[in-house]
Amino acid sequence: MTRRIRTLLAAALVLGVAAGPASPAAAASPAAPAAPSAAGAHGAPALGALRAVLDGLPNAHATAALVRVGDAGDAWQGSGGVHDLRSGRPADPNGRFRAGSVTKVFTAATVLQLAADGEVDLAQPVRHYLPDLIPAPYGGVTVRQLLDHTHGLPDGDFPGTDVHEWYAHRFDVHDPRAIVASATAKTRVAPPGKVQRYSNIGYTVAGLLVERVTGDTYENQVARRILRPLGLQDTYLPGASPRIRGPHNRGYQVFPVPDGTSELRDVTVWGVTDGWAAGDLISTTADLERFLVALFDGRVVPEPYLKEMFTLPADAPGATMSAGLQRYVLPDGRVVWLKTGGRWGYNTLIAATEDLSRTLVYSVNSTDAKGRGGNPVTEAITRAAFGVPSRPAPSGPPAA
């Protein structure tokens, strides 16, 4: 057994790695190393900083990362960390992963294709297409508002209130129609079109809209319209299966335990029917990069409907989200359009300038993929890829 593997096994024991329900263990996690602060000239990718972040894995915040950066025609690919903490073997750079809410970009593109085909009117109330699912109080919600998160629909109901309860329900199978019914039984959270509030429910409805309009399954429509034409052979929608098919790096999540410490559990196997058309996609960095470039290049959604993905709703103050994407302004004034995704054990991002002069795709096996405080590894990767100086690394071990 090599020294590296012995070290990783020792770290796994300290962190309390478990494939199933685990016993309490002390959380003695090291802090993430500081990434080099030098950014590339004129916003060029800081490849040295990227390499340093990847070489510092695994750490307290992530066990692996896969990264692809495009810079005006040049390409860079890197990976770091481990396939799993038990074996300690290197992460598979071509491994599949859960892309989470990046699924929404595929769903939005599918709806916009249907609009381009004349089968869907973005300004039409959703109730026109789904009268049996959308009750009269939500009759003013349009298809466009589903995609830009200004629909005002409340969230659907799911069992559990914390990570332990969600873990106990990880194999539950959820019916999207039941999710929508539980949401529309409540009072709306805002008038349609006036407030932008990010949620999954609009895209769950959008998936059902695709099925109603086409008479086909959502999964078949995404495959027929996007996956097969672009040759995305490692991308698929898993349905009720909680497993990832093919090569993949394992995901871990920090769990608090009663004695006030924390432990890591292997959360690779986890059902995603709660996300469905809003968050169940499985892919690779190569496939997502190909999709990102084709989308921005106009080869997935034709004009003028592609403009919907680069247009913010005018009547929702402070809006940053369009149909499927989010607008972000870098410190140097460059505008980036992006989408993040988070499933237990996996964080994903696709991002690019509209002219494709810079692209970034990553999958990071974060140990708190749904944490609200951000992840130093994902932040360091993003800053280095877009040539933004990194912030000082946090000192001391992270709070669980």
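Select F291 to begin. In this predicted model, F291 is buried because its relative accessibility is 0%, below the 20% cut-off.

Keep both on screen. How many aromatic pairs does the count come to? The count is 8 aromatic pairs. F106 and F291 form one that is stacked, with 3.9 Å from centre to centre and 15 degrees between the planes. Colour the helices to see where the two partners come from: F106 is in helix 3 (residues 103–116) and F291 in helix 10 (residues 285–296). They are 185 residues apart, and the pair links distant parts of the chain.

Next, select Y218 and W276. Their ring centres are 5.2 Å apart and the planes are at 55 degrees, so this pair is tilted. Y218 belongs to helix 9 (residues 218–230), while W276 is in the loop between strand 5 (262–266) and strand 6 (281–283). Here too the pair links distant parts of the chain, 58 residues apart. Are these two buried or exposed? Y218 has 0% relative accessibility and is buried; W276 has a relative accessible area of 9% and is also buried.

Then select W166, Y167, F255, W270 and W344 together; these residues form one aromatic cluster.

For the last stop, select Y236 and R245. R245 lies over the face of Y236, at 3.7 Å from the ring centre.

Definitions and conventions: Residues numbered from 1 in each chain as written. Predicted model: local features only at pLDDT ≥ 70, side-chain atom pairs only at ≥ 80, totals over all residues. Heavy atoms only, no water. Phe/Tyr/Trp six-rings, centres within 6.5 Å; stacked < 30°, edge-to-face > 60°. Helix = DSSP H or I, 4+ residues; strand = E, 2+ residues; numbered from the N terminus. Buried < 20%, exposed > 50% of the residue type's maximum accessible area, 1.4 Å probe, protein only. Lys NZ or Arg CZ within 6 Å of the ring centre and 35° of its normal.
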